[in-house]
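Open the structure in your viewer and keep the selection panel at hand. We will go from stop to stop together.

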Amino acid sequence: MVIRMEELTKRYGAQTAVDRLSLEVREGEVFGFLGPNGAGKTTTMLMLLGLTEPTSGQVRVCGFDPARNPLKVKALIGYLPENVGFYDDMDARQNLRYIARLNGIPDRVSAARIAKLLEEVDLAKESDKKVGSYSKGMRQRLGIAEVLVKEPRVVFLDEPTVGLDPDGTSRMLDLIHSLSRDRKMTIFFSSHLLDQVQRISDRIGIMIKGKLVAAGPLAELAQRGLGGEAGESYSLEEIYMKYFKEG
Amino acid sequence: MTLHGIFTIYRKEMEDHFSSMRFLLITALIVMVGVIIASMVGMSMQEELKGMAKPDFIFLLLFTSTGKLFSFTQFIGLLGPLIGIILGFDAINRERSGRTLSKLVSQPIYRDAIINAKFLAGVTMITLVMVSLVLIIAGLGIRLVGVVPGAEEVWRLVIYVILSILYISFWMGAAILFSVVFKSTATSALASLAAWIFLSFFIGLGGGFLADAIAPMNQTADMAQATDDFIKNSEIQRAASLLSPMTLYGDATSTILDPLRKTPRSFVLMGPLERLSLSRFQNPLPLLQSVVVVAPFLISLIAITFVCFGICYLVFMRQEIRST
């Protein structure tokens with residue numbers, strides 16, 4: 001198990017953002033974390049990264065407790081926040097080199113890696129332009145390159161496709177899928193859009209109002225959603241809406 | 001593991017400062033005005049000293065003599081804080097509004113490396129500005145007045161530069177604190193400026209009101225009573241003015257740069273005996289004694305700078321950093 005959460009809870013005052021969440025993510029799988037806005041997906045990710053402390057419960061990422069050993073965890077994972085920002089007055093290469101340096105990667109090692117990554121995310125031609133002039137899609141792809149520059153074991157992506165046009169979304173999803181296929185990375189990504197989660201995830205978890213209401217492979221969820229009425233095929237959307245209404 | 005983080009951020013901050021237009025502008029302005037003031041003082045000294053024996057510590061007069069407007073030290077006391085504010089007011093909230101902060105804290109570096117590196121880079125810039133400014137003026141002085149500073153004068157200048165670096169760093173610390181507390185860079189800039197104006201100009205005014213309220217100076221025929229009232233009143237005013245970093249800095253620098261001043265107080269009550277002893281011992285204070293007089297100010301400046309940075313550090317370490 002790469003990620004393990006047990007009874008994880010986070011409260012902000014009287015409000016419970018994450019309520020007794022127990023979940024496991026296996027090595028090499030793509031886990032889609034689905035839920036409407038404000039369901040507690042980002043808070044869960046922040047706890048996994050050690051950026052915020054859980055009120056109660058346990059977290060392990062690659063065997064480490066992120067609240068106690070944040071540096072060990074942060075060295076092994078890559079995190080792409082929602083609407084990631086860059087230093088707009090630097091070009092793509094300089095942005096990536098800065099992150100590489102923060103990870104203790106010497107420039108002679110990172111130079112080749114950065115060139116290859118920019119090729120992979122299709123930004124090699126624009127790599128000398130200031131990031132301030134990039135489009136939303138280009139920025140998201142640069143974000144992926146930035147996550148990969150430290151060669152992490154686990155990648156956390158928070159709403160990686162939000163605000164992208166259909167073509168950008170499709171390219172992004174292909175890119176995420178290839179990380180798992182070609183690099184054997186574990187991917188934990190959140191989204192509020194069903195079809196995207198459906199397209200690339202091995203397993204999904206549905207979170208509504210801080211509670212994990214369902215988790216498992218899509219087929220299994222569909223079965224459970226069906227209850228006794230066998231033979232009928234439900235789309236994930238119907239399951240999602242069903243939980244959404246119940247929650 | 002720990003040092004590469006602080007060093008990387010420090011390096012980037014230094015690059016940013018050197019290419020920052022507003023920092024270059026304010027530095028150019030301060031260097032320009034500083035050099036103009038010092039050269040005006042230098043030229044008038046050249047005129048006055050024609051054919052006369054050169055007095056002691058003439059070199060330091062370049063920095064303390066008021067000339068037509070104000071002295072160089074007064075000028076730094078007044079506008080030095082602007083350098084600190086410009087270096088610090090958007091240190092953290094620029095990263096926050098650019099959404100780079102959440103990315104930065106998810107790298108394998110300690111969170112305090114971010115704020116330490118920013119503070120260190122700022123102090124380095126302040127040191128560079130102050131040292132080069134004093135060196136330029138010293139060079140100008142040697143050319144204009146034609147005297148080489150003695151060892152004691154050099155030491156006094158070194159202490160003056162340290163005091164100035166601390167003073168400007170305090171303002172940078174305050175500005176960084178505002179950049180941690182306020183989300184918008186415009187708010188933190190205005191808050192820093194407001195604090196600067198309040199602490200530099202209005203504390204004195206408020207101190208006057210406070211003193212008049214607590215110890216009013218009544219019109220009485222009784223001389224002893226009137227004197228007592230006056231002493232009390234000015235003591236309160238002075239205590240209030242020590243809340244202002246500008247007063248701390250002004251008192252400390254004028255004592256260290258002017259060996260003839262034996263106390264930072266502007267008002268000293270003297271009886272006939274003191275007056276006699278003062279006129280008989282009109283010698284400059286030795287360096288060590290000047291340092292003793294200045295030490296409390298130096299320590300207060302260090303203390304407020306560290307308290308300011310400490311608060312800033314605590315607030316930043318406790319803040320939750322979300323991407324949205």
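Which strands does helix H1 of chain A lie across? Before selecting anything, note that this is a predicted model. Now pick residues 41–49 of chain A, which make up helix H1. This helix lies across E3 (30–34), E5, E6, E7 and E8 (203–208) of chain A. Compare directions as well: H1 runs at about 150° to E6(A).

**The sheet**

Six strands of chain A form an open sheet with mixed pairing, and the order to follow is E5-E6-E7-E3-E8-E9. E5 and E9 (211–216) of chain A stand at the edges; each has a single partner strand, so one side of each is left without a neighbour in the sheet. On average, neighbouring strands here are turned by 15° against each other, direction ignored. As a reminder while you display the bonds, strands of a sheet pair through backbone hydrogen bonds, either parallel or antiparallel.

**One pair of strands**

Zoom in on residues 154–158 and 186–191 of chain A, which are strands E6 and E7. The two run parallel and are joined by five bridges. Within this pair, show the side chains of A:Phe156 and A:Phe188: they stand opposite each other, the latter in E7(A).

**The core**

Which residues have the most contacts inside the largest nonpolar core? Select A:Ala145, A:Val154, A:Phe156 and A:Ile187; the core they belong to has 134 residues. Now switch to chain B and select residues 151–181: this is helix H8, which gives the most to this core, with 16 residues. Back in chain A, centre on A:Ala145. Leaving aside residues up to four places away in sequence, A:Ala145 touches A:Leu96, A:Leu117, A:Leu118, A:Val121 and A:Leu123.

A:Glu7 has a positive phi of about 50° and lies in strand E1, residues 3–12 of chain A. Is A:Glu7 buried or exposed? It counts as exposed, because 12 C-beta neighbours lie inside 10 Å. A:Asn83 also has a positive phi, of about 50°, and is found in the loop between strand E5 (77–80) and helix H3 (92–102) of chain A. With 17 other C-beta atoms within 10 Å, A:Asn83 is partly exposed.

Note on methods
Residues numbered from 1 in each chain as written. Chains lettered and ligands numbered in written order. Predicted model: local features only at pLDDT ≥ 70, side-chain atom pairs only at ≥ 80, totals over all residues. Helix = DSSP H or I, 4+ residues; strand = E, 2+ residues; numbered from the N terminus. Buried ≥ 20, exposed ≤ 12 C-beta atoms within 10 Å, placed from the backbone. Pairing = 2+ DSSP bridges. Axes fitted to C-alpha atoms, helices over the stretch in contact; angles between N-to-C directions. Contact = placed C-beta atoms within 7 Å. Core = buried A, V, L, I, M, F, W, Y, C linked by C-beta atoms within 7 Å.
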